Amino acid sequence: MTTSTERFLRACRRQPVDCTPVWFMRQAGRYMAAYQALRQRYSLLDLCKTPELAAEVTLQPIQRLPVDAAIIFTDLLIPLEPMGARLVFAPNEGPVIENPIRSASDVEALRMVDPQADLAFTLEAIRMVCREIDGKVPLIGFAGAPFTLASYLIEGSGSRHYIQTKQLMYHQPEAWHGLLDKLASVATTFLQAQIAAGAQVVQLFDSWVGCLSPDDYRRYVLPYTKQVIDGLRNAGAPVIHFGTDTAMLLDAMREAGSDVIGVDWRIPLDDAWRRIGPDVGIQGNLDPVALFAPLPEIERRVDDILQRAGNRPGHIFNLGHGILPETPVQHVQAVADLVHARSARQKESAEG
Ligand code: CP3
């Protein structure tokens with residue numbers, strides 16, 4: 001029997017699989033009763049910083065759903081704290097950074113991060129999860145890509161137009177490049193440490209990079225994302241590089257050099273794969289809001305994505321962005337089951 005680990009790692013390397021592997025971004029979270037029960041007692045930061053709790057939350061979706069990967073539970077913004085950011089999660093508001101970066105001297109003052117000391121709780125949670133899943137399910141480590149981390153550091157929260165971020169880019173290019181260089185180092189050392197602790201795959205989240213023109217992406221972002229991926233080349237874990245609204249950035253993202261590119265639902269999967277080219281895998285791309293549709297409609301959309309992937313090696317099924325809090329958990333389960341059932345390959349082709 002193929003384990004999820006074999007299935008997932010083979011898909012990352014674009015080798016034939018018995019069926020398409022599936023997982024869900026933000027698969028640990030509020031749509032799940034077990035998560036909500038823990039959140040009654042602990043804050044998000046407590047969950048992230050207590051290895052036993054982070055490990056427990058990481059395992060919740062594995063216990064409830066037939067997914068082919070676990071993703072370590074932490075938040076994208078946690079590594080910004082040891083750099084000097086004062087991070088708070090205001091109830092129902094999302095993350096806020098109380099001392100946003102606005103100048104060259106702010107960038108200068110950011111500290112570099114030593115993951116073994118500053119992010120030891122995540123590395124310990126990874127070791128605990130790995131002992132528990134015993135190689136049967138792969139564990140995905142993750143970090144924010146330099147642009148998305150920078151946008152939070154500069155805006156101080158989520159943003160609609162990224163005005164402060166682009167202003168720093170356009171008015172103080174040296175400060176911008178200094179900032180992205182620091183964030184690239186932090187992401188690289190953190191991901192290297194996660195792999196050393198047992199993560200078998202890593203995902204780089206560049207969730208908000210789609211706000212950039214292709215030109216600005218190439219000039220202000222691509223070199224730093226590439227720097228992170230180059231730094232992982234010999235670490236022994238495939239890299240998934242994810243962003244939303246990236247239809248026009250895909251050929252530039254491809255140059256960053258990941259094994260797999262994650263795309264959202266705004267571009268049909270086959271169209272995206274054509275732009276990325278056949279020598280890179282693809283992850284995606286069901287609209288997370290489609291999980292609120294009636295089951296026959298969900299089924300139609302899952303089939304459409306699988307048909308566009310055409311059983312070509314290198315597809316990992318996922319949503320185009322994270323699961324939303326009110327999502328019916330039975331619909332998430334139905335998608336995972338459907339993906340496995342509908343994509344099951346003939347035996348010869350799986351071995352071929
Ligand atoms: O995928 C997983 O299950 C692992 C856990 C995970 C979390 N955050 C935990 C979390 C992951 C992969 C993230 C990534 C993350 N965090 C991103 C990139 C991915 C994306 O969705 O674009 C971003 C931009 C963040 C920053 C962040 N954290 C925001 C904007 C919010 C508020 C929005 C929201 O969903 O509440 C968070 C909070 C957060 N991070 C929650 C979880 C489970 C919800 C917190 C809660 O329990 O109240």
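Residues are numbered from 1 along each chain as its sequence is written, and side-chain values use heavy atoms, with hydrogens and water left out. Because the model is predicted, local features need pLDDT of at least 70 and side-chain atom pairs count only at pLDDT 80 or more, whereas totals for chains, interfaces and linings use all residues.

Select W176 and L179 to begin: of the 129 residues in the largest nonpolar core, these two touch the most other members. A nonpolar core is a set of buried Ala, Val, Leu, Ile, Met, Phe, Trp, Tyr and Cys residues joined through side-chain atoms within 4.5 Å, where buried means under 20% relative accessible area with a 1.4 Å probe, protein chains only. Helix α11 (residues 173–197) gives the most to this core, with 13 residues; helices are DSSP runs of H or I, at least four residues, numbered from the N terminus.

Leaving out residues up to four places away in sequence, Y220 touches M169, Y170, W176, H177 and L180, contact meaning heavy atoms within 4.5 Å. Y170 lies 50 residues from Y220 in sequence, yet their C-alpha atoms are 9.6 Å apart.

Finally, select helix α14 (residues 269–276) with helix α15 (residues 295–309), whose axes, lines fitted to C-alpha atoms over the stretch in contact, come within 8 Å and cross at roughly 30°. L269, D270 and W273 in α14 meet I305, R308 and A309 in α15.

Note on methods. Axes fitted to C-alpha atoms, helices over the stretch in contact; angles between N-to-C directions. Helix = DSSP H or I, 4+ residues; strand = E, 2+ residues; numbered from the N terminus. Buried < 20%, exposed > 50% of the residue type's maximum accessible area, 1.4 Å probe, protein only.
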